Amino acid sequence: MKNLVSIIIPNYNHAPYLKQRIDSVLGQTFQDFEVIILDDVSPDNSKEIIEQYRSHPKVSHIIYNKENSGSTFKQWKKGIDLARGEWVWIAESDDWCENTFLENLINLSEKHPSVGLAYCSSVFFNESDNSLTPQIATKNISEFILSNEFIHQKLIPFNGIVNASAVIFKKALYYNVSNHYTSFKLAGDWIFWAEISQMADVAICGKFLNYFRQHDIKVSMNSLKNGFNYKEEIDTLKYFKSTLGISEEAYNQSLVKQYLRFKYNKFPFNEGVIDRTEKLFQENLSLYQRKEIRKIDLKNKLEYKYLPKFLKLFFK
């Protein structure tokens, strides 16, 4: 159905945020949409909140899993398979948005018929101190990127799409996306966007229309504390090189930057994570990459007076 948007809300244990999320979806100025709500056996009172929307005319499906899927990306797949719309929006259950989110992205995509993925700038909301941090997707009012340029411009060395809730994509493209993304717990979206972008051009809206909530309930927050994200990010870069065709040079540079981000990270990792992650990187870094890291380390020490914990590793 042309321009119909299928909005998938995959929920797990986000009862405190569900009403704000669902209401921000239903209150869109662009009203040609259906809503699919999926719950992955939440132990909180999510079902009580979801059931309040059972009779809403925009809600086409409410599905409760009998067993936890173990991955939000498996929930993505379930929702997309049910979707009837031309466009799909994965509206994560702990985020929210401006009421003009869909209007802006649909209008932008209509200006470029070759676009199959569109997204906007986001704002990080840190629940612990009520702070807002802008995440700029583009410095322009809007930006158009050709399919064959998007991965190199926006998806390496890091995933430039900071939040799935900021994105809409054409469902027709989904049928040619591999299931590889469903094997990940954190980086599946990175692979999903990359594969979608290889089939269509991308439009970016510079407006801040999406709010990405940071809180302790997030599955990704606990995974970050345990360092699980680094393994998935390394595996993703390997997949980009082996399957999606990024060059050896781009892969090398990306892995170096991934390592340096880890090395200078002041995130409060759990005990043993730093040593385990260091070992993981060393198993994947080539001699050339280690030399590059050593140069950058020395430059940082001289220019910025950084004293990285692991500098001695490269000067033994």
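**Salt bridges and rings**

Mentor: Start with Glu127. At 32% relative accessibility, Glu127 counts as partly exposed. Keep in mind that this is a predicted model.

Trainee: Which residue forms a salt bridge with Glu127?
Mentor: Arg213 does. The closest N and O atoms are 3.9 Å apart. The cut-off for a salt bridge is within 4 Å.

Trainee: And where do Arg213 and Glu127 lie?
Mentor: Arg213 is in strand 10, and Glu127 is in the loop between strand 6 and strand 7. The two are 86 residues apart in sequence, so the pair ties those parts together.

Trainee: Is Arg213 buried or exposed?
Mentor: Buried. Its relative accessible area is 5%.

Trainee: How many salt bridges does the count come to?
Mentor: The count comes to 10 salt bridges. One of them joins the side chains of Lys19 and Asp23, at 2.6 Å from N to O. Both residues lie in helix 1, residues 15–26. They are four residues apart, about one turn of the helix.

Trainee: How accessible is Lys19? And Asp23?
Mentor: Lys19 is partly exposed at 47%. Asp23 is partly exposed too, at 32%.

Trainee: What about Arg54 and Glu51?
Mentor: Their side chains also meet in a salt bridge, 2.7 Å from N to O. Arg54 is partly exposed, with a relative accessible area of 42%. Glu51 is partly exposed at 30%.

Trainee: Back to strand 6. How does it pair with strand 7?
Mentor: In the antiparallel sense, over five bridges. Strand 7 covers residues 131–135. Ser122 stands opposite Gln135 in strand 7. The two strands form a hairpin with four residues between them.

Trainee: What is the phi of Asn130 in the turn?
Mentor: Positive, about 60 degrees.

Trainee: New topic: rings. How many aromatic pairs are there?
Mentor: The count comes to 22 aromatic pairs. Take Phe124 and Phe212. Their ring centres are 4.9 Å apart and their planes are at 80 degrees, so the pair is edge-to-face. Over 60 degrees counts as edge-to-face.

Trainee: Which parts of the chain does that pair link?
Mentor: Distant ones. Phe124 is in strand 6 (residues 115–126) and Phe212 is in strand 10 (residues 201–214), 88 residues apart. Phe124 is partly exposed at 21%. Phe212 is buried, at 11%.

Trainee: Why does the pair of Tyr181 and Phe192 count as edge-to-face?
Mentor: Because their planes are at 70 degrees, with the centres 4.9 Å apart. Both residues are buried. They also belong to one aromatic cluster, with Phe73, Trp76, Phe169 and Trp193.

Trainee: Which charges sit over rings?
Mentor: Here are two examples. The charged end of Lys47 sits over the ring of Tyr64, 4.9 Å from its centre. Lys241 lies over the face of Tyr251, at 4.2 Å from the ring centre.

Key: Residues are numbered from 1 along each chain as its sequence is written. Side-chain values use heavy atoms; hydrogens and water are left out. Rings of Phe, Tyr and Trp (its six-membered ring) pair if their centres lie within 6.5 Å; planes under 30 degrees apart count as stacked, over 60 as edge-to-face and the rest as tilted. Buried means under 20% relative accessible area, exposed over 50%, partly exposed in between (1.4 Å probe, protein chains only). A charge sits over a ring if NZ of Lys or CZ of Arg is within 6 Å of the ring centre and within 35 degrees of the ring normal. Two strands pair if DSSP finds at least two bridges between them.
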